Amino acid sequence: MAELRKLIDKILGRALVVIMSVMVVNVLWQVFTRYVTGDPSSFTDELARYLMIWIGILGAAYVAGKNLHVAIDILPSRASAKTQKKLKTVVTVLVILFVLVAFVIGGSRLVYISYLLGQQSPALQIPLAVVYMILPISGLLIIFYKVSDLLKK
């Protein structure tokens, strides 16, 4: 399980770097076409928006895997070690349940409905189902990481 987790971390980290690099080039192109040529590119705003969504949601999965997410630790810091462990388990199970319902089930329904309706992005003309697909993918990654954390205990 640890080897698979390291591989997923590596792939996810590289994917985030690639997405961020594409976004930087995209925004630079937008600035260039707007101020140098005077004719702004029509697709760059939409592409930057979708790439930002992907970075945010995939980044959440990456951070969940590294256990670097923001946490309020007032209650756990005052508890005993045994209680801290129990509290951490409860929080992890709640995260799994939330991600299952919101990201995996809700995201899958969003993808399915967008696909059925044939929704396309206005400028890029790509199916919005492809854009929304990042929700269930990230949800599954977060669930994998959190189940892995539970099994390590």
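Is Asp 149 buried or exposed? In this predicted model, Asp 149 counts as buried, at 8% relative accessibility. The threshold for that label is under 20% relative accessible area.

The partner of Asp 149 is Lys 146. The two form a salt bridge, with the closest N and O atoms 3.6 Å apart. Both residues lie in helix H6. They are three residues apart, about one turn of the helix. Lys 146 also counts as buried, because its relative accessibility is 6%. The pairing extends beyond these two side chains. Arg 5, Lys 146, Asp 149 and Lys 152 are linked in a network of salt bridges.

The count of salt bridges in the model comes to five. One of them joins the side chains of Asp 9 and Lys 66, at 3.7 Å from N to O. Asp 9 lies in helix H1 and Lys 66 in helix H2, so this pair ties together parts that are 57 residues apart in sequence. Asp 9 counts as buried at 12% relative accessibility, whereas Lys 66 is partly exposed at 37%.

A further salt bridge is found between the side chains of Asp 45 and Arg 49, at 2.8 Å from N to O. Both residues belong to helix H2. Their spacing is four residues, about one turn of the helix. Both ends are partly exposed: Asp 45 has a relative accessibility of 49%, and Arg 49 has a relative accessible area of 42%. Side chains of opposite charge can pair when their charged atoms come close.

The largest nonpolar core holds 22 residues. Among these, Leu 12, Leu 58, Leu 141 and Ile 142 touch the most other members. Helices H1 (2–35), H2, H4 and H6 (134–152) each supply at least two residues of this core. H6 gives the most, with seven residues. Leu 58 has contacts with Leu 12, Leu 16, Ile 19, Ile 134, Ser 138 and Leu 141, leaving aside residues up to four places away in sequence.

A buried polar residue is found in a loop. Ser 121 is placed between H4 and H5. The relative accessible area of Ser 121 is 0%, so this residue is buried. A polar contact of 2.9 Å joins the side chains of Ser 121 and Glu 46. Residues up to four places away in sequence aside, Ser 121 touches Glu 46, Tyr 50, Ile 126 and Leu 128.

Most residues other than glycine have a negative phi. Asn 67 has a positive value, with phi near 55°. Asn 67 is found in the loop between helix H2 (44–66) and helix H3 (74–78). With a relative accessible area of 37%, Asn 67 is partly exposed. Gln 125 likewise has a positive phi, near 60°. Gln 125 is found in the loop between helix H4 (81–117) and helix H5 (128–132). Ser 121 has its place in the loop between H4 and H5 as well.

Technical notes. Residues numbered from 1 in each chain as written. Predicted model: local features only at pLDDT ≥ 70, side-chain atom pairs only at ≥ 80, totals over all residues. Heavy atoms only, no water. Buried < 20%, exposed > 50% of the residue type's maximum accessible area, 1.4 Å probe, protein only. Polar contact = N/O pair within 3.5 Å; in protein donor to acceptor, adjacent residues only side chain to side chain. Contact = heavy atoms within 4.5 Å. Core = buried A, V, L, I, M, F, W, Y, C linked by side-chain atoms within 4.5 Å. Salt bridge = Lys/Arg side-chain N within 4 Å of Asp/Glu carboxyl O.
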